[in-house]
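Subject: Structure for you to look at

Hello,

Here is the structure I promised you. Please open it beside this message and follow along.

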Amino acid sequence: MVPLERNFFAAAALARYRLIKTGGRELIRSRRAFIREGFLSTSQAVAQHLPYLRRYARALSGSQASGDAYVAATLEALVQDPKVLDTGLSTRIALYRLFTKIWNSVAVNGKPSSGASSQPVERHLAQIAPKPRQAFLLVALEGLSEDDAAKVLDIDAPMLRDLVEESGRELAAEIATDVLIIEDETFIALDLEGLVESLGHRVLGVARTHSEAVALAKTKRPGIILADIQLADGSSGLDAVNEMLRTFEVPVIFITAYPERFLTGERPEPAFLIAKPFQPSTVSAVLSQALFFERNARRRERRAS
């Protein structure tokens with residue numbers, strides 16, 4: 001019997017060749033073959049996750065054609081052996097895990113394809129080493145929990161956190177920005193300042209009150225804001241951020257011991273929430289995630305205009 005990993009490699013190479021020749025029609029044919037072979041219930045379960053897997057594959061490989069080649073190879077592997085998803089995991093996690101085995105079995109993995117997108121965000125992502133890039137995209141783009149992302153990559157949760165933190169440092173080095181910290185607790189502010197600078201960003205300043213935050217933002221326009229909600233003089237970091245956002249747009253991460261105040265107050269969008277006490281790896285991941293999506297949003301706006 002041919003080892004499964006060898007089947008992965010052969011299927012990936014064949015699917016990539018067919019996709020180049022057919023302009024993507026092979027992906028559709030693979031789905032049809034999957035159904036014709038009598039795996040209807042499995043194919044229905046898989047089909048609902050394919051748009052998201054294609055999105056992940058595109059972000060990972062740098063182009064839709066290259067990403068679809070890996071997705072097609074995944075479907076080819078399922079046609080050959082439908083039991084490969086019988087792992088005790090949910091269909092989505094098992095599918096992404098299978099895709100990952102195929103992705104990691106191909107020698108050119110991690111190198112931007114010749115058709116890679118020239119968009120800045122995707123060029124930055126392409127510079128991140130393969131494993132950290134996978135970890136970051138599974139958590140940030142696909143919204144998987146740390147435990148599920150770790151299962152996809154066949155590692156434990158602490159290693160997953162290390163990879164996400166590494167990706168945060170590498171991505172930050174590519175898209176460094178100016179950060180405003182709104183935090184009234186001195187030691188937490190120092191921790192955040194050190195973390196932000198270790199990622200390659202620049203700290204514009206640290207504000208302890210609503211008025212200090214607004215004043216700093218007027219003189220130094222931040223690229224992202226890290227804000228507590230309950231501030232030293234009883235004022236609100238949430239109110240301060242909402243006041244700033246009336247004059248300019250910026251992504252915001254609230255780091256607070258009072259998450260319920262964020263959920264019940266007038267929330268800025270988009271905004272991210274981290275509850276205290278926090279892990280540095282969480283702040284690193286969410287900071288990179290916020291900047292990643294903010295740049296994608298700007299790109300979409302430019303297209304629309």
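First, a term: helices (H or I, at least four residues) and strands (E, at least two) are DSSP runs, numbered from the N terminus. This is a predicted model, in which local features need pLDDT of at least 70, side-chain atom pairs count only at pLDDT 80 or more, and totals for chains, interfaces and linings use all residues. Residues are numbered from 1 along each chain as its sequence is written, and side-chain values use heavy atoms, with hydrogens and water left out.

The sheet

Start with the strands. Two strands pair if DSSP finds at least two bridges between them. An open sheet holds 5 strands in the order β2-β1-β3-β4-β5, and the pairing is parallel. β2 and β5 (271–275) are at the edges with a single partner strand each, so one side of each has no neighbour in the sheet. From one strand to the next, the twist averages 20°. For angles, axes are lines fitted to C-alpha atoms, for helices over the stretch in contact, and values run from 0 to 180 degrees between N-to-C directions.

Now look at β1 (residues 178–182). It pairs with β2 (residues 202–207) in the parallel sense over 5 bridges. There, V179 stands opposite V203 of β2. β1 is also joined to β3 (residues 224–227) by 4 bridges, again in parallel. In that pair, I181 has L226 of β3 as its bridge partner.

Helices on the sheet

β1, helix α11 (residues 186–198) and β2 form a right-handed β-α-β unit. Right-handed here means that, with the strands pointing away from the viewer, the path from the first strand over the helix to the second runs clockwise. α11 lies across β1, β2, β3 and β4 (252–256), at about 165° to β2. Helix α12 (residues 210–219) lies across β1 and β2, at about 150° to β2. Contact means heavy atoms within 4.5 Å.

Helix against helix

Which residues of α8 and α9 meet? K131, Q134, A135, L138 and V139 in α8 meet A149, V152 and L153 in α9. By class, this contact has 6 nonpolar, 1 polar and 1 charged residues. Ala, Val, Leu, Ile, Met, Phe, Trp, Tyr, Cys and Pro count as nonpolar, Asp, Glu, Lys and Arg as charged, and the others, Gly among them, as polar.

The axes of α8 (residues 130–140) and α9 (residues 146–153) come within 9 Å and cross at roughly 140°. That makes α8 oblique to α9. Angles under 35 degrees count as roughly parallel, over 145 as roughly antiparallel, 65 to 115 as roughly perpendicular and the rest as oblique. The crossing of α8 and α9 is right-handed. A crossing is left-handed if the near helix is turned anticlockwise from the far one by less than a right angle, and right-handed if clockwise.

Helix α6 (residues 91–105) also meets α9: their axes come within 7 Å and cross at roughly 40°. α6 is therefore oblique to α9. This crossing is right-handed. I93, Y96, R97 and T100 of α6 make the contact with D148, K151, V152 and L153 of α9. By class, there are 4 nonpolar, 1 polar and 3 charged residues.

Two backbone details

Most residues other than glycine have a negative phi, and most peptide bonds are trans. D154 has a positive phi, near 60°. D154 sits in the loop between α9 and α10 (157–174). K276 and P277 are joined by a cis peptide bond, with omega about -5°. P277 is in the loop between β5 and α15 (280–304).

Best wishes
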